[in-house]
Amino acid sequence: MMWLLIGGLAVAGDAPEVAVVGVHLNGLGGSGAAEEKAAEQATLALAAALEREKLEAILPAEVAARLAGKERLALEDFALGPGRELMQEARILYDRAQPKDAIPLAEEAVAAFQASLAFTDSPRELQDALLLLGLCWLADSDPADSTADTTRADEAFRRAAVVDPARALENASYSPEVRQRFDRIRAQVAGQPAGTLTVQTTAEASVWIDGRSLGPAPLQEHRLVPGPHTIVVRGADGAVAMKTVTVLPGQNPPLDLPLERRNLGAGAPTNSGRSRQIRSLYQGLGRYSGSDLVLIAGVVDSRAMLQLYDPQSSTFSRTIIVDVQGAGTAGALETLTSQIPLLASYASTDGGIKPDKVSPQVLPLYPGTNDLLAGMLLDPAPPPTTTGPDPDKKGVPWYLWAGIGAVVAGGGGVAAAVLLNEPEEGPAGTITVILP
């Protein structure tokens, strides 16, 4: 059994466990090594605060070990979840003969599925969203003067045909009139002179167009039907560049897509959009990592935000949102950790969330500002092959077996001292772990 010695109190390792998978810092950490250091420091600080509340913190290396081989599944849940949620809502409204209300949701679904192509290979779902958008515009048209709405419908159908010109609509899902309309537009798209596109990048990478792999970069003079296409370049370390371009018949200018810094995307432009993204991100992570609870923490617009997610019941706790006290990363971390006692009170002793602390709200954090989580999903490390602490053993801290901190043998066991502040700031926040 593992015992944590915190403030002189010994706590058994069978306490409810909370996966701590980094912090959404939204630019507070600077860039490069400084940002990575800030993320690591924030993760350790939050883990220490959870341990003080008698919760067992499971840190990134152990979460990654549990997630090994399932990173792609979690990433697809994150990327496709918002679009699927929007599609479901739009379909319900369309089926209830409320196409006007369904249109904005269908448009959001199109945008969400298009963004998902940065991480997934799912052009069919983007095409389905475009088809639903076209159906909504048709249903909302005025029989007396339907020119504008039918034009919008045809444009949505045209974009759907560009995504996959070979697809014919299924008899069971679409009326004969809609199938005929789409087939006419599809024939027009396929009948245009093809355009050719060359894609270049600054690093070794692979090229994807509309969710289909086209091999390593550079891509030379690839033939495409004219229209909007989503071009994605993916590096070996998970870095991604993406752009939607309108391809014209004939030769098109070369497209240069230098790889950007690895992250999970810029985030939706609205609070509701980012809440959908965060919900899908942590649902996927929780589904495949096998922990009792997952900590969600970050800073947006000088406001510290925290929440818990329970994978077993797929519920989120109440949110905690407070103004950051103090400047920079240090102020953000101090504010976040100061709210951990309140957040910990939302957890039940059986590893879930107390019924009266459940909430339908999800924090509107930016998914692309959590470096540790991005690395876990986009560039997973191979599982450890050396002997040592078992990463699957409940409660073995990441900072012990991943080499964070100083590990010293002696006495009756192994002690690891982890300083949560810089040396010049003093040894406050030290955790001592004893493994008999």
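This is a predicted model: local features need pLDDT of at least 70, side-chain atom pairs count only at pLDDT 80 or more; totals for chains, interfaces and linings use all residues.
Residues are numbered from 1 along each chain as its sequence is written, and side-chain values use heavy atoms, with hydrogens and water left out.

Most residues other than glycine have a negative phi, and most peptide bonds are trans.

Select Ala 217 and Pro 218: the peptide bond joining them is cis, with omega about 0 degrees. Pro 218 sits in the loop between strand S7 (212-216) and strand S8 (219-224). Helices (H or I, at least four residues) and strands (E, at least two) are DSSP runs, numbered from the N terminus.

Stay in strand S8 and pick Glu 221. Its phi is positive, near 45 degrees.

Next, go to Ala 97, in the loop between helix H3 (71-95) and helix H4 (99-116). Phi of Ala 97 is near 60 degrees, also positive.

Now select strand S13, residues 293-300, where eight of eight residues are buried (under 20% relative accessible area; exposed is over 50% and partly exposed in between, with a 1.4 Å probe and protein chains only). Leu 293, Leu 295, Ala 297 and Val 299 point one way, and Val 294, Ile 296, Gly 298 and Val 300 the other.

Val 18 has Leu 293 as its bridge partner. Strands pair if DSSP finds at least two bridges between them.

In the hairpin of S13 and S14, with two residues between the strands, Asp 301 has a positive phi near 50 degrees.
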